[in-house]
Amino acid sequence: MGALRGSLTFSRFYVTGDIPDDVPGTTLKRIRANAFQPLSPDDEKNEGAGWASIEDPFDTDLDHEKVFYNEYVCLGLRLDRWVIPGPLLKTHLRDAEQALLAKKGLERLGRQAKADLKTMVVRKLRRQLVPSLKSYDVVWNLRTNVLHLYSQSERIAALLDDLFKRTFKVDLVPESPGTAAERLGLDAKEVRAFAGLEPMTLARLEEEAR
């Protein structure tokens, strides 16, 4: 969230690489191919991510009008995850283990049998639950090639980096003083001066403040 509603917490990236002149005309098919796909209780993976409408994370039937607004590419990075409360899983696993021991006349289960039983219990519980859903707004300005991700989570940034590269075949470079200076097109003298900069703190140390 963030581009259209909610707090304005975001991270900025520069889009670099072989950016096509006609992004809307050349990328919509790949955007649709990387749209979010619902999780299945039988999946081995615990979470899944993909593109959705920036206005409605439940809308994954993306078309030109839902993605491209003037010079902006606007998408929602939807992330669904199975979340089974620990006590619930523990209780069902204990009951299933006791039932299996009684059925087979055993005193204990081996490691593989326990793993298989846990997989079965997890899949059974998933069918009774709904995955948790989160969506993060992504806005790419095609004129400046600056992209805003409305999250400051490194994990979400990593998910975006992977999905964005698969979709648009270009790279994302996080904004920093160095990358910002590089984009300004510094001359040789300015590059040398920038390279000679050293980090410093502008906050007073506690001891000095006393």
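Let me start with Leu-160. Leaving aside neighbours within four places in sequence, Leu-160 is in contact with Phe-13, Trp-51, Leu-77, Val-138, Leu-147, Leu-149 and Leu-172. Contact here means heavy atoms within 4.5 Å. Before I go on, this is a predicted model: local features need pLDDT of at least 70, side-chain atom pairs count only at pLDDT 80 or more, and totals for chains, interfaces and linings use all residues. Residues are numbered from 1 along each chain as its sequence is written, and side-chain values use heavy atoms, with hydrogens and water left out.

Buried means under 20% relative accessible area, exposed means over 50%, and partly exposed is in between, with a 1.4 Å probe and protein chains only.

Next, helix α1, residues 23–33. Its buried residues are Val-23, Thr-27 and Ile-31. Seen down the axis of α1, these buried residues fall within an arc of 60°, so they line one face of the helix. The arc is that of the directions from the helix axis to the C-beta atoms. As background, an α-helix has 3.6 residues a turn, so residues three or four places apart point the same way. On the other side of α1, Gly-25, Lys-29 and Ala-33 are exposed.

What covers the buried residues of α1? The cover includes β2 (47–52), α2 (64–67), β3 (68–69), β4 (72–81), β5 (132–141) and α5 (154–168). At the N-terminal end, Asp-22 caps α1, with a side-chain oxygen 3.0 Å from the backbone nitrogen of Gly-25. Polar contacts are pairs of N or O atoms within 3.5 Å; within protein, one must be able to donate a hydrogen and the other to accept it, and residues adjacent in sequence count only if both atoms are side-chain atoms.

Ser-11 is found in strand β1 and is buried, with a relative accessible area of 17%. A polar atom of the Ser-11 side chain lies 2.6 Å from the backbone oxygen of Ser-151. Apart from neighbours within four places in sequence, Ser-11 is in contact with Leu-147, His-148, Leu-149, Ser-151 and Gln-152.

Asn-141 is in strand β5 and counts as buried at 9% relative accessibility. A polar atom of the Asn-141 side chain lies 2.8 Å from the backbone nitrogen of Arg-143. Again leaving out neighbours within four places, Asn-141 is in contact with Glu-71, Tyr-72 and Val-146.

Now two backbone angles. Most residues other than glycine have a negative phi, and most peptide bonds are trans. Asn-145, in the loop between β5 and β6, has a positive phi, near 55°. Lys-169, in the loop between α5 and β7 (171–174), has a positive phi near 60°. Are these two residues buried or exposed? Asn-145 counts as buried at 18% relative accessibility, while Lys-169 counts as exposed at 55%.

Finally, the whole protein. There are 8 helices and 7 strands. The radius of gyration is 24 Å, well over the 17 Å that the globule rule gives for 210 residues, so the protein is more spread out than a compact globule. That radius is taken over C-alpha atoms, and the rule is 2.2 Å times the number of residues to the power 0.38. The C-alpha atoms fill a box of roughly 80 × 60 × 30 Å, taken along the principal axes. Of the 210 residues, 32% count as buried.

Gly-105 and Leu-62 are 43 residues apart in sequence and 55 Å apart in space, C-alpha to C-alpha.

Methods: Helices (H or I, at least four residues) and strands (E, at least two) are DSSP runs, numbered from the N terminus.
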